[in-house]
Amino acid sequence: MAERLPVKKTYKLFIGGAFPRSESGRTYEAEGQNVARASRKDVRDAVRSARAAQPGWAAATAYNRGQVLYRLAEMVEARVPEFAELCSGRGEVERSIDRIVWYAGWADKLPQVLGGANPVAGPYFNFTVPEPTGVVAVLAPQEPPLLGLVTRLLPPLVGGNAVVAVASEARPLAAVELAEAIATSDVPGGVVNLLTGSADELGPVLAAHMDVNALDLAGADGSAPELERLAADNVKRVVRGRNDAQSPWEIASFLELKTVWHPLGQ
Amino acid sequence: MAQAPVLPAGFQLPLEARLPRIGSVDAVALEERSASLAKRSIKREAKVWALTLAIRTTDLTTLEGSDTPGKAAALASKARRPDPADGSVPPVAAVCVYPNLVPAVRERLAGSGVKVAAVATGFPSGQYPTAIKVADVRSAVELGADEIDMVIDRGAFLSGRYAKVYDEIVQVKEACGEAHLKVILETGELGTYDNVRRATLLSIAAGADFVKTSTGKISPAATLPVALCMLEAIRDVYEETGRRVGFKAAGGIRQAKQAIQHLVLVHETLGPDWLSPDLYRLGASSLLNDILMQLRKERTGAYQSPDYFTLD
Amino acid sequence: MTEIVPTGWTYASAPESREIVRIADRYGHFVGGEWLEAAETYETIAPRDEEVLAAVGQGTQADVDRAVAAARGAYADGWSSLPGSERAKYLFRIARLLQERSREFAVLESLNGGKPIKESRDVDLPLAAAHFFYYAGWADKLEYAFPNRRPKAIGVAGQIIPWNFPLLMLAWKIAPAIACGNTVVLKPAETTPLTALLFCDVLRQAELPAGVVNIVTGDGRTGAAIVEHEDVDKIAFTGSTEVGKAIQRELAGSGKKLTLELGGKAANIVFDDAALDQAVEGIVNGIYFNQGHVCCAGSRLFVQESVYEPLVAKLKRRLATLRVGDPLDKNTDVGAINSAAQLEKIRELVASGEEEGAEIYQPPCTLPEQGYWFAPTVFTNVAQSYRIAQEEIFGPVLSVLTFRTPDEAVEKANNTPYGLSAGVWTEKGSRILWMAQRLRAGVVWANTYNRFDPTSPFGGYKESGFGREGGRHGLEPYLDFEESEAFGG
């Protein structure tokens, strides 16, 4: 008796909460699968989606953002076996889930640690609050395929930014699986966009994009100086993301600080 | 120079004219209060009473460039007998149309007690010279309108020319003659609740019989917080001068549930006196069928299908 | 043509069904993850009609000893040495479970305590769940909350909570305590034990290790046994100032850590440039929310004389629209008074107000025959020295006084041994900040009232207590610190 033939999965991009193919129609082979190969126009579409979705995400309460990210952890936890097959194993998946939970818990605490009232010399009330910078482009580390992406994705998200991320070129399947978990959590469409394809091709497009506010170069080993030069055209905040970091200061790299004054008087 | 406002017959002004304090409106608290009132749970006989009141206070409306005498007459038939299958359903308060359609509506409504309301003053934008707008009103009245729904000059209001806004309303009121005047603020363009309150008090001072939220042509229109803001201003006028001004919520009210929420707002802000067509109107079109469906559901216990209610 | 309309549109009753919650006939104490049979019990009732809901345990010394031992065992057994990220996940589970079972808890809270379902559903439950969610996130981040201080858990915390926000107060106590690695023995108020007991089922579903949270029910005697217990390292008490002082005396010299959240007599100050209708909403919320059973209630209304008449007229009119009735009716605005004892206290103080010469106003209101009820009340012509302006009434009774200038308002507002909260109503930003700076109160609400959030620290000045709950500061009472050697700590 022949073994049952499984239905083969199509690996697509994740843009605006939907799963389109690359507008270029291109694919490439990775991990034995045919995977969409994103083009500069896909980058354009992803940035547009991110920009459209970002104000709503930033305007949600911090509590809501925390809950949404916790829900993402729930969705990944529900798929541990699938994820384990696409990365180094169960251990990496569990560390990734715990890292999502860790960052989720920061959403409603950031101004308490990063901001505060400033005792200026004069009859003024003065306070500083952190705010999201806007749209963040992330070049995910090439390895580890799941934990590396999660490590760089969560810090900008927690702070209220929207993200366009380029997955690991050689190991993109974990990223696509994560996109599916994101799509079934309560993360609003467009807040996270994931592109599979060539970092060498897509990196410069993101670095030069005038409507991207910050650039995380975690996955860009060799070409960083060129990308940093392109980023200067609209004074992007350039972050050299660390593959395995877990710290509120990672979140702070993607936040602006606003200080407000108001007189005190009868 | 403006004329003194035209007052309802029999109303005596005190020797010193009084206006309530203009003051400010706190947006967060206003929105919370209206949200809290929107959670009132109205069931069974109270719900049937409310739905029936909603029908009795509806201004059934069509305001399209494509309106024809045929369309307007069909709407008028619906207005005088909303549910042929249920004789206990009352007629609506009025039919609201563009001036050209007034004669067709008037003819179909003859003998029914349902009023004819016409929009005028260069509705919906109001961006025309005052003389044109006043002539628009006069001709609508000549065509047979019982009620006039005018728009304020938002361009003038937003550029701080309050006297111009006031003068126009006074002139329009005069041109109305016997017809009663509703003044549309177009709250969605005014930007803040503070402005809505100011515009409400200004319109009332200038002689409005009713103040109305919106033209229905833009969004946001008659939201609950904006309605509450205007009702509070109406209440302040009543407290200060004894004068009762009516309120019309128009635009964006498509579901029976929303209509009931609006009625709760009136009930808890102004009290039962305002719950009558003399002082309250709901401007709507598709709302009527939703109310009819809800009424039938209350009576039969089963959820209804739109197929059983006529589209006119 | 004016029509005749009914004189009032009476909303039909809209009761929330109580079938969603199952109440047992009898409860024991929850100790070491198990239900202990209670040797002594008493009856807990529904204040709306005095229906007996269940028999619950009257915790004895032996019960308290067992609970503390279980807490100590769980603490030593590893709760504090469990990685913070694991503790966090337990708290996240509890938060999510409370969210899911929110309606069930809200109905039980309203039934047992008397507050309107609208409040328990829309305020108490969401805040309780949010409190657990917030503190879950701190469990593995304590070193960021207290840089350089090396925070660690204290041990066993004894917690005694009041009857006005039973489940919410439980959340305010338990969440930070266990997030920091402590274990807990908690006693709910005598009249409102049921949501705490149902909470034990959430602990079961969350699989919280046995003994981390222990619930012992009972009256003041049970509370005293917890306070006096040698093996309890920290006491947290929310309740009356009188009992708070007694606890502070009892613990003097013992080295035990203590936080107190006591009574208040908050000033709610309205300036003539306030947004008046919204100020009225805030005043009403300030004193009639939860029938005035709120420590931070705005019970002294200070109105600037220049706006006195319109404001008081609006206030009285607004009172007449308050719906007093069955707590389980979704349209009820003001519910039942929690107990016969509290009702008596309110009556006594209201009588004193009339005797001392204040003018009383109560809107017409039909109160049910059975159960404990009091109509919303406002006193005008109140002098600062009247008992109704000095003593905490803890009921739906407002005293109205006047002032002329901001200085005078501050002086009168601060002229009290209490210092929990205050309200300021003005459209002028600089005045809000100026007043906030000068008011001796732990919480100042400007153009709003009775707003709570897990991120926002809450607690009093002076006799309203010390210590803060909520926010980063809410962690401090539940931690010991090894100060860095470099700073001589």
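1. Size of chain A. The radius of gyration is taken over C-alpha atoms, and the globule rule is 2.2 Å times the number of residues to the power 0.38. For the 266 residues of chain A, a compact globule would come out near 18 Å; chain A has 19 Å, which agrees. Along its principal axes, the C-alpha trace of chain A spans about 90 × 40 × 30 Å.

2. Ground rules. This is a predicted model: local features need pLDDT of at least 70, side-chain atom pairs count only at pLDDT 80 or more, and totals for chains, interfaces and linings use all residues. Residues are numbered from 1 along each chain as its sequence is written, while chains are lettered from A and ligands numbered from 1 in the order in which they are written.

3. Content of chain A. Chain A holds ten helices and ten strands. Both are DSSP runs, numbered from the N terminus: helices are H or I with at least four residues, strands are E with at least two. Buried residues make up 49% of the 266 residues in chain A. A residue is buried if 20 or more other C-beta atoms, placed from the backbone, lie within 10 Å of its own. Contacts count when the C-beta atoms of two residues, placed from the backbone, lie within 7 Å. Of the contacts in chain A with a separation of 6 or more, 74% join residues 24 or more positions apart.

4. A sheet in chain A. Three strands of chain A form an open, antiparallel sheet in the order E3-E4-E10. Two strands pair if DSSP finds at least two bridges between them. Strand E3 (116-117) and strand E10 (255-263) of chain A are the edge strands, each pairing on one side only. E3(A) is joined to strand E4 (residues 124-132) of chain A by two bridges. In these, A:Gly116 partners A:Thr128, and A:Ala117 partners A:Phe127. The hairpin of E3(A) and E4(A) has six residues between the strands, and there A:Gly122 takes a positive phi near 160°. On the other pairing, E4(A) and E10(A) run antiparallel over nine bridges. A:Val129 has A:Lys258 in E10(A) as its bridge partner.

5. The barrel of chain B. Eight strands of chain B close into a parallel barrel, in the order E1-E2-E3-E4-E5-E6-E7-E8. Neighbouring strands of this sheet are turned by 25° against each other on average, direction ignored. Angles run from 0 to 180 degrees between N-to-C directions, and axes are lines fitted to C-alpha atoms, for helices over the stretch in contact. Strand E6 (residues 210-212) and strand E7 (residues 246-250) of chain B pair in the parallel sense over three bridges. B:Phe210 has B:Gly246 in E7(B) as its bridge partner. Helix H3 (residues 69-80) of chain B packs on the sheet and touches strand E1 (58-61) and strand E2 (94-97) of chain B. The direction of H3 of chain B makes about 160° with that of E2(B).

6. Which chains touch. Chain A and chain B do not touch; their nearest C-alpha atoms are 15 Å apart. Two pairs of chains touch, and chains B and C have the most contacts.

7. Chain C against chain A. The contact takes 22 residues from chain C and 20 residues from chain A. On the side of chain C, helix H2 (84-100), helix H4 (117-138) and helix H15 (429-438) give two or more residues. The largest share, six residues, comes from H15(C). By class, this side of chain C has ten nonpolar, seven polar and five charged residues. Ala, Val, Leu, Ile, Met, Phe, Trp, Tyr, Cys and Pro count as nonpolar, Asp, Glu, Lys and Arg as charged, and the others, Gly among them, as polar.

8. Chain C against chain B. Here the contact takes 24 residues from chain C and 24 residues from chain B. Helix H10 (residues 276-288) of chain C gives the largest share of the chain C side, five residues. That side divides into eight nonpolar, ten polar and six charged residues.

9. Domains of chain C. Chain C is divided into domain 1 (18-262 + 465-481) and domain 2 (267-453). The bounds come from an automatic or database domain assignment. The centres of the two domains, taken over C-alpha atoms, are separated by 30 Å. Their contact takes 21 residues from domain 1 and 23 residues from domain 2. On the domain 1 side, helix H3 (102-113) and H4 of chain C give two or more residues. The residues of that side divide into seven nonpolar, six polar and eight charged.

Notes: Buried ≥ 20, exposed ≤ 12 C-beta atoms within 10 Å, placed from the backbone.
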